[in-house]
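Please find below a colleague's note on the model shown here. It is set out as numbered points.

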Amino acid sequence: MTLIEVHEASFSYTGSQGRSDLILDTVNFELHACEFVAIIGESGSGKSTFLDLLGLLSCPDSGDVTIFSQATKNLGEADRARLRRRSIGFVFQSFNLINQFSAIENVAVGSWDSRGNANEKARNLLRRFDLDEALFEKRPMQMSVGQRQRVAIARALINDPKIILCDEPTGNLDATNTSLVLEILHKLKMEEKGIVAVTHDNEIALAADRTLRLIDHKLRPLERDK
Amino acid sequence: MTVMSNVSFYYYPLVNAVRFSSRRKFLYGSSFLLGTIAMLLLTIASSAGSASDKLLSSAALRSVDVQASATSRIPLNEALIRTLSNNPMIDRIYPVAVGGAGIKVRQPAVGVSLMVASDLPIQEPPIISSIKQSLFPLTNHEIVLPISVNGVSMEPLLGSVVGFALDSSGGPEGPPLVELKVVGFYNSSWQLDGHEAGIVSLPTALIFASTSDPGVTSTAAYIAKDGYSSLVVEAKNEGQVPGLLSQLSARGLYVTDYQEQVSGTAAVAKVAKSLAGIAVIGMALVLFGASLSASGTLLSSRRVEVATLRAIGFTRLQVLYQLLLELIFGGLGVALASSAAAIAVVLMMSNFFHGLILRLGLSSVNPDPRSVSIVFAIEVFAIVIGGVLAIIRPLRLQPSIALRDW
């Protein structure tokens, strides 16, 4: 089952002086259910920009991004947000948890369920990622980085999306926590989710089903996959 | 538009409004402090204003005082009152009796002397309102005292029945007593004359006045023979006062008017009111600026949070709703706290600093609903507007850019 299809997508940034910098050039990509794709590339190569296109946070200048066979090019902001909410979960390198919220609240805030259900779902997700119950009411600053990332992953899953987009998910983690996050991502893949992780981390690249390199504005399969 | 879930619609802004970050503490703290001060100033201004308005609108401006005088030799008796009542310029005539009295005070153990004057309905003295709101007209067994007489505070006498000596020498050693209940105090600094007069009903004042003439056996006989101490003659309007003065003088009566004195006093109150008003406007501007700045700093620092919310499925409009609700909750909380604090401080001031309040020329300072409402509205408005101005930019920023800059 194809979750995302990117067809001939190009993207440029226009600077303040009107100069246009090409970031992605007629890129094609597909993500299927039960698939874990890693995207690697030099800093500034456009990995995060590509992830933004997949997550409907940006629009390609040309080409299109199709989510569940639905073309997104002509969708308005509200429709894109609705699609994102229903189908896509984001995991960020810096976790981007809301500091004034507890772990439970950080997970539940993204829910579009009733409040009681949201809290219960959040609780179950946090339990699933082996977070101690005592941490549920703690705020991000009172948690370790590994714990924060698990909370962030739980938030990404609160609406049970089929697509998980991770931007350097292990960038701030030590080896133990990196392994833990990889294990979680692997389990999610088994649940028929499709995962795209932008990374510099070789461990993630090796663990992925496919690894793509962004080079010269194009996505190319990494040598080992050939 | 998508209906938002319960968890995010109210919960998120409420939690944000309640949980304090250091910047939010600054915003709330400064708004609270400025709001409380502004409410206090407005309350004082309002009290000064109402004192001023009361004086300016008082019947004193259209009244003429006819004094008993040794030179005129015309007794201010009922016959004269009947004659004057026929004058078309005269609206009403109030007889006034003045007598001397001493108060027998146990605590402090000194006697003080004062005049006892009948209450003047045209010129109700500023009564300390924490005691009693509507004292006039007084019944025959009541007295309103100046807050102090000869430097002796009268306050301990409130509510008690006090013996008054029936002579003008004063002191506690006088002969038989008339017993009167002390029902209130007035601010004697606002009294135009008779700064040390206890105010009683006319019949009571006549008892004191008639004792000064040992030859009379009743108050009626005293009035017939000596007449009242003075008459307050109220013209139908202010413009008739000069003409009335001329007519009464022509009859050989000794007359004065209140206009100059009352206008002077009212002018002082008006200046106080204006100064307080200016101070409040300044305070409101500072409050608005502080709220604007703090609210702005607070929200512009949350652009990653805004971008994250959008990344997890909130539309721009939904984030705006959330932040607006948060600002409104926060503003209402701060304004409520300021109002409560201002009311508490005003009540404390009324109780503990009424001497100072009297020196300011105010009969009392009470929480003023209008002042509280004005500052309440300014506080909420400033916090919300300050926040809204600050969130426009993070909201317009592409989430992808905001998240990347982090």
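The points below take the interface between the chains, then a sheet in chain A.

1. The model is predicted, and the remarks that follow should be read with that in mind.

2. Chain A and chain B together bury about 2700 Å². Carbon and sulfur atoms account for 56% of that area. The contact draws on 31 residues from chain A and 30 residues from chain B.

3. One salt bridge is found across the interface of chain A and chain B. It joins the side chains of A:E77 and B:R310, with an N to O distance of 3.1 Å.

4. On the side of chain A that touches chain B, the elements giving two or more residues are α1 (47–54), α2 (77–87), α3 (103–108) and α4 (115–128) of chain A. The most comes from α2(A), with six residues. By class, this side of chain A has 12 nonpolar, nine polar and 10 charged residues.

5. Chain A also holds an open sheet of four strands, in the order β2-β1-β4-β5, with antiparallel pairing. The edges are formed by β2 (20–32) and β5 (70–71) of chain A; each has a single partner strand, so one side of each lacks a neighbour in the sheet.

6. Within the sheet, strand β1 (residues 2–14) and strand β4 (residues 62–67) of chain A pair in the antiparallel sense over five bridges. A:V6 lies opposite A:V65 in β4(A).

Definitions and conventions. Residues are numbered from 1 along each chain as its sequence is written. Chains are lettered from A and ligands numbered from 1 in the order in which they are written. This is a predicted model: local features need pLDDT of at least 70, side-chain atom pairs count only at pLDDT 80 or more; totals for chains, interfaces and linings use all residues. Side-chain values use heavy atoms; hydrogens and water are left out. Contact means heavy atoms within 4.5 Å. Buried area is the accessible area (1.4 Å probe) that two parts lose on being put together, summed over both. A salt bridge is a side-chain nitrogen of Lys or Arg within 4 Å of a carboxyl oxygen of Asp or Glu. Ala, Val, Leu, Ile, Met, Phe, Trp, Tyr, Cys and Pro count as nonpolar, Asp, Glu, Lys and Arg as charged, and the others, Gly among them, as polar. Two strands pair if DSSP finds at least two bridges between them.
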